[in-house]
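Please keep the sequence and the structure open while reading.

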Amino acid sequence: MANVTDLQTKYSKLAQEYSKLRAQNQVLKKAVVDEQASSLSLKEQLKQRDQSLRKQEQEMDSLSFRNQQLAKRVELLQEELAVSEAKGKKGKSKGDSPSQHGLETQSVFDEDLQKKIEENERLHIQFYEADEQHRRQEAELKSRLQELEKDSEQHQAVVDGLTTKYMDTIERLQSDKARLEVKTQTLEREAKECRMRTEECCVCKVNKQGLRFCSGLTAFLSYPAEFSDYNSLNVPPHNRRHQLKARDVAGQALNFIQDLVAALLNFHSYTEQRVHIYPLDSSIEPISPLNQKFSQYLHENAAYVRPLEDSFLQLHQSITEDTVTVLETVVKLKNFADNFSSYTHFLQKILPYQLKSLEEECEAPLCTAALTAKNQELQSDTKKVTSVFEKLQNYINILALPSNSTSAVFTQLAACLHSLHDAIKEMSKHYNQKASLEQELPTVTQKLSTTSECLLGSLGSLTSSTGKIATFFSNNLDFFTSSAYSPRGSTVTLNPLQAESMLANKKKAAAYINAIKKPRPQSVPYREALTNRRILTSSTESREGLTQQVQQSQEKIARLEQEKEHWLLEAQLGKVRLEKENQRIADLESQLAAALGGSPNPQAAAASTLAQSHEETEKEQKAAGKETTLCTSLVGMLCTTPTVADEESREQLIKTHYMARVGELTTQLQISDSKAVHFHSECRALAKRLAIAEKSRETLSEEVKLANQNITRLQDELATTKRSYEDQLSMMSDHLCSMNETLSKQREEIDTLKLGSKGNAKKNKGR
């Protein structure tokens with residue numbers, strides 16, 4: 001326990017010290033940050049002071065230099081003055097006139113003053129010209145800025161107009177799409193029904209042919225005279241040699257596709273490396289946003305190139321010796337066509353960035369005219385390669401669809417492959433020439449040279465692989481266009497149902513051949529099979545007749561149920577009437593017994609009793625005519641008044657009531673069914689509209705993003721132009737300031753020299 005308490009106390013002390021140190025650490029961090037900020041500000045101030053000190057030192061040096069020049073000039077003038085004074089003294093001693101010496105001195109000062117005046121005029125002229133040039137450039141720049149602003153406004157108006165136009169077009173296309181979707185669904189439904197009927201007919205026909213084939217084969221082995229039924233079958237035989245050839249051709253094509261995929265991967269990867277190196281090296285300075293986007297797209301090339309190899313590998317694996325290989329049965333070709341279409345879309349997406357990147361290379365400061373020409377040739381080569389890939393995509397998509405003119409498509413595809421080889425060969429040649437020209441530049445680096453060599457190697461392998469593919473396709477064109485499977489006496493291509501029938505017959509024949517050595521099971525003769533078929537047909541017809549009978553019986557049962565309800569109501573009415581008649585008879589009997597027991601003249605009493613009973617009966621009938629009888633059932637409720645006329649119209653009233661009730665229920669059922677159908681169709685339409693709205697929202701968001709990108713790009717260009725103009729204006733203003741300073745200094749020097757010359761002239765006059 002003591003150890004535990006000691007540990008707890010130590011832990012609490014450590015926690016307290018840790019909290020203190022943490023608080024101190026926060027304070028120290030804040031102090032360090034403040035000191036760093038202050039040191040940065042002091043460094044900035046120091047830099048500014050150093051700059052100002054250097055400026056002052058430069059000004060001091062220039063002033064000292066100018067002072068030295070002036071001092072030397074003054075010394076020279078003093079020496080000249082001394083020499084002139086000495087000459088004047090000698091002249092005086094010799095009898096010369098003093099006016100000659102003064103004239104010489106005045107001529108020297110006049111020449112110096114004339115030079116200064118000419119220099120001043122020249123400087124004034126230069127200043128005026130510079131001022132005029134500055135004003136002219138400023139006016140040009142302002143007009144250019146106004147033009148750019150007008151262009152920007154026009155571009156914005158065009159963008160707005162295109163946006164509204166695209167919105168209207170999108171709305172119209174959405175409505176057209178919705179209408180076409182409804183029409184497509186109707187056509188799909190009709191096509192599905194037709195397909196189901198066709199499949200039923202085909203399956204029935206195939207079953208008939210298979211039954212005829214099996215029975216004919218059995219009859220041939222058992223009864224040779226009945227072999228003519230098998231000969232009438234129009235099913236082509238299985239061509240094993242064609243399957244082996246198709247397997248071999250697919251394997252060769254897979255090797256060529258693998259080489260092509262490797263070359264494309266290397267080409268895109270090395271192109272991405274070159275974008276990061278030239279014209280700007282990303283390790284030294286950031287590359288342009290366009291090249292950044294281009295590099296990002298090129299980095300995703302494996303996601304579009306790799307599926308080409310994988311889908312063709314699946315296609316090769318689906319072709320075996322036991323399958324039927326024609327265009328209608330090769331399902332995996334559709335996957336390869338889809339992947340090739342996605343790669344072609346990728347090429348179309350990166351094409352504008354490739355062209356812009358080559359334009360940036362042309363705008364580089366050290367780009368020569370020869371390099372610009374080669375870049376333009378490479379732009380045309382890139383466009384040509386992309387267009388050839390689009391043509392290949394169209395032909396491959398046509399081959400993936402069921403068609404009858406496959407020979408023409410294969411011929412055009414072979415020609416297109418040769419065009420691709422020629423286009424890539426031209427691009428490789430132009431790129432080689434461009435690389436040799438780049439090696440002559442003084443700023444080329446080893447990294448750029450290595451990347452260019454790798455890029456040329458990938459283009460060479462791409463040229464070799466496309467040439468091999470084109471040669472291979474041309475050599476095997478006869479095999480591609482030949483129809484190995486076709487029904488006898490017909491040029492129609494094989495359909496999938498015939499292929500399934502062929503494979504089923506092949507399996508049956510193989511199983512039968514393998515079972516020849518074993519005891520054969522007893523087969524059904526052909527005539528017995530026909531008899532069984534007639535029995536089956538008659539049973540089907542009898543089933544249809546029984547179905548009709550069941551429907552008629554159900555209708556009859558419903559009618560009998562209505563009659564049952566009617567007679568139950570009649571029974572209830574009759575029971576009520578019977579009870580009333582029994583009651584009335586009992587009353588009459590009691591009255592008769594009372595009358596017979598108490599009257600002396602029984603006959604008169606009986607007569608009077610009968611008369612009274614007759615009157616009472618008439619009264620009861622009249623009273624009963626005013627009473628109403630309420631009858632209820634499961635179908636509804638009916639109120640009746642038992643009168644003499646009711647006996648005639650009772651059945652008609654009941655029938656009318658029940659028919660009205662049934663009609664009402666039928667109307668309610670129809671209304672509920674129509675509402676359910678309407679709600680169901682409305683829900684489906686809303687779901688479709690929601691999906692269409694989602695798709696349109698995505699497309700519109702993409703267009704908005706593109707529009708925002710264009711707007712930001714235009715704004716960046718405008719800001720760059722404004723910044724460049726402002727920089728030029730600031731440079732011109734600095735230049736004018738420096739010119740003004742130099743002019744003011746020269747004016748001061750001229751003024752000082754004038755004052756000095758005036759003082760010297762006064763001194764000379766005083767002398």
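## Briefing: helix packing and cores

Helices α5 and α7 pack at an angle of about 145°, and their axes are 10 Å apart. The model is a predicted one. Its protein chain holds 15 helices and two strands. The chain has 767 residues, of which 23% are buried.

**α5 against α7**

- The two helices, α5 and α7, cross in a left-handed sense.
- On the α5 side, the contact is made by L290, N291, K293, F294, Y297 and L298.
- On the α7 side, the contributors are F346, K349, I350, Y353, Q354, K356, S357 and E360.
- Sorted by class, the α5 and α7 contact residues are seven nonpolar, three polar and four charged.

- I350 belongs to helix α7.
- I350 counts as buried because its relative accessibility is 1%, and the cut-off for buried is under 20%.
- Beyond its neighbours within four places in sequence, I350 is in contact with H268, F294, Y297 and L298.
- F294 and I350 are separated by 56 residues in sequence, yet their C-alpha atoms are 6.7 Å apart.

**α7 against α8**

- Helix α7 covers residues 332-362 and α8 covers residues 369-400.
- These helices, α7 and α8, pack at an angle of about 165°, with 9 Å between their axes.
- The angle makes α7 roughly antiparallel to α8, because angles over 145 degrees are put in that class.
- The crossing of α7 with α8 is left-handed.
- The contact between α7 and α8 has 16 nonpolar, twelve polar and five charged residues.

**K332 in α7**

- K332 is placed in helix α7.
- K332 has a relative accessible area of 33%, so it is partly exposed, a class that lies between the 20% and 50% cut-offs.
- The C-alpha atoms of K332 and F312 are 7.9 Å apart, while 20 residues separate the two in sequence.

**α9 against α10**

- Helix α9 runs over residues 406-439 and helix α10 over residues 446-475.
- The angle between α9 and α10 is about 160°, and their axes lie 9 Å apart.
- This angle makes α9 roughly antiparallel to α10.
- The crossing in which α9 passes α10 is left-handed.
- Residues in the contact of α9 with α10 divide into 16 nonpolar, 13 polar and two charged.

**T463 and S465 in α10**

- T463 lies in α10, and S465 also has its place in α10.
- T463 counts as buried at 12% relative accessibility, and S465 counts as buried at 5%.
- Leaving out residues up to four places away in sequence, T463 touches H421, I424, K425 and S428.
- S465, apart from its neighbours within four places in sequence, is in contact with D259, L260 and A263.

**Nonpolar cores**

- The largest nonpolar core has 62 residues, and F336 and Y343 touch the most other members.
- Helices that each supply at least two residues of this core include α4 (240-277), α5 (289-299), α6 (302-318) and α11 (477-481).
- α7, α8, α9 and α10 are also among the helices that each supply at least two residues.
- The most residues in this core come from α4, which gives 14.
- Y343 touches L264, H268, Y304, V305, L308 and F389, with residues up to four places away in sequence not counted.
- A second, separate core has seven residues, among them Y278, A364, C367 and L448.

**Sequence separation of contacts**

- Of the contacts in the protein chain between residues at least 6 apart in sequence, 80% join residues at least 24 apart.

Note on methods: Residues are numbered from 1 along each chain as its sequence is written. This is a predicted model: local features need pLDDT of at least 70, side-chain atom pairs count only at pLDDT 80 or more; totals for chains, interfaces and linings use all residues. Side-chain values use heavy atoms; hydrogens and water are left out. Axes are lines fitted to C-alpha atoms, for helices over the stretch in contact, and angles run from 0 to 180 degrees between N-to-C directions. Helices (H or I, at least four residues) and strands (E, at least two) are DSSP runs, numbered from the N terminus. Angles under 35 degrees count as roughly parallel, over 145 as roughly antiparallel, 65 to 115 as roughly perpendicular and the rest as oblique. A crossing is left-handed if the near helix is turned anticlockwise from the far one by less than a right angle, and right-handed if clockwise. Ala, Val, Leu, Ile, Met, Phe, Trp, Tyr, Cys and Pro count as nonpolar, Asp, Glu, Lys and Arg as charged, and the others, Gly among them, as polar. A nonpolar core is a set of buried Ala, Val, Leu, Ile, Met, Phe, Trp, Tyr and Cys residues joined through side-chain atoms within 4.5 Å. Buried means under 20% relative accessible area, exposed over 50%, partly exposed in between (1.4 Å probe, protein chains only). Contact means heavy atoms within 4.5 Å.
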